[in-house]
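Here is a short briefing for a reader meeting this structure for the first time. Please look at the sequence and the model before reading on.

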Amino acid sequence: QVQLVESGGGLVQAGGSLRLSCAASGRTFNRYAMGWFRQAPGKEREFVTAISWSDGSKYYADSVKGRFTISRDIFKNTVYLQMNSLKPEDTAVYYCAAGTEVVAGKGDYWGQGTQVTVSS
């Protein structure tokens, strides 16, 4: 089992920045990817970004490229999401996920979610 605990959500004005953290514990996951998804009210959950735990390869949804950056700290077993130039349409509950197919939109393990609200 892998446990994921997110933190860092909140309320920010458009154009502002937030950093989300996801701390992982449990079984080793060198073969996993970790990533972030989000779900806005009335919409389906969508892939945001992912990072390979083994080699650090990064993947981004087109909607966040150039604004969001995913990174990892292998010593702290933590993945970060730096969100810059935030827009009201980025408002959603953000979920951390881990698994072998995170890049494909499938998570084996999920965090509890953290709310991000961007005001206009």
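Predicted model: local features only at pLDDT ≥ 70, side-chain atom pairs only at ≥ 80, totals over all residues.

Residues are numbered from 1 along each chain as its sequence is written, and side-chain values use heavy atoms, with hydrogens and water left out.

**The open sheet**

- Four strands form an open sheet in the order β1-β3-β8-β7, and their pairing is antiparallel.
- Strands (E, at least two residues) are DSSP runs, numbered from the N terminus. Two of them pair if DSSP finds at least two bridges between them.
- β1 (2-7) and β7 (68-73) stand at the edges with a single partner strand each, so one side of each has no neighbour in the sheet.
- On average, neighbouring strands of this sheet are turned by 15 degrees against each other, direction ignored. The axes behind this angle are lines fitted to C-alpha atoms, and angles run from 0 to 180 degrees between N-to-C directions.
- Strands of a sheet pair through backbone hydrogen bonds, either parallel or antiparallel.

**Strand pairs**

- β1 and β3 run antiparallel and are joined by six bridges. Here V5 has A23 in β3 as its bridge partner.
- β7 and β8 (residues 78-83) also run antiparallel, with six bridges between them. S71 stands opposite Y80 in β8.
- Buried means under 20% relative accessible area, exposed means over 50%, and partly exposed lies in between (1.4 Å probe, protein chains only).

**Aromatic rings**

- How many aromatic pairs does the structure hold? There are three.
- Rings of Phe, Tyr and Trp (its six-membered ring) pair if their centres lie within 6.5 Å; planes under 30 degrees apart count as stacked, over 60 as edge-to-face and the rest as tilted.
- Y32 and Y109 form a tilted pair, because their ring centres are 6.1 Å apart and their planes stand at 35 degrees.
- Y32 lies in the loop between β3 (18-26) and β4 (33-39), and Y109 in β10 (residues 109-110), so the pair ties together parts 77 residues apart in sequence. Both Y32 and Y109 are buried.
- F37 and F47 have ring centres 5.6 Å apart and planes at 80 degrees, so this pair is edge-to-face. F37 is in β4 and F47 in β5 (residues 46-52), 10 residues apart.
- F37 counts as buried, at 2% relative accessibility.
- F37, F47 and W110 are linked into a cluster by ring pairs.

**A charge over two rings**

- The charged end of R45 sits over the ring of W110, 3.9 Å from its centre. The charged end of R45 also sits over the ring of F37, 5.9 Å from its centre.
- The test asks for NZ of Lys or CZ of Arg within 6 Å of the ring centre and within 35 degrees of the ring normal.

**Two threonines**

- T49 is found in β5. T49 is buried, with a relative accessible area of 0%.
- The side chain of T49 reaches the backbone oxygen of Y59 at 2.7 Å.
- Contacts of T49 (heavy atoms within 4.5 Å) include M34, W36, I70 and L81, not counting residues up to four places away in sequence.
- T100 is in the loop between β9 (92-99) and β10. T100 counts as partly exposed, at 41% relative accessibility.
- T100 and Y32 are 68 residues apart in sequence and 4.7 Å apart in space, C-alpha to C-alpha.

Conventions. Polar contact = N/O pair within 3.5 Å; in protein donor to acceptor, adjacent residues only side chain to side chain.
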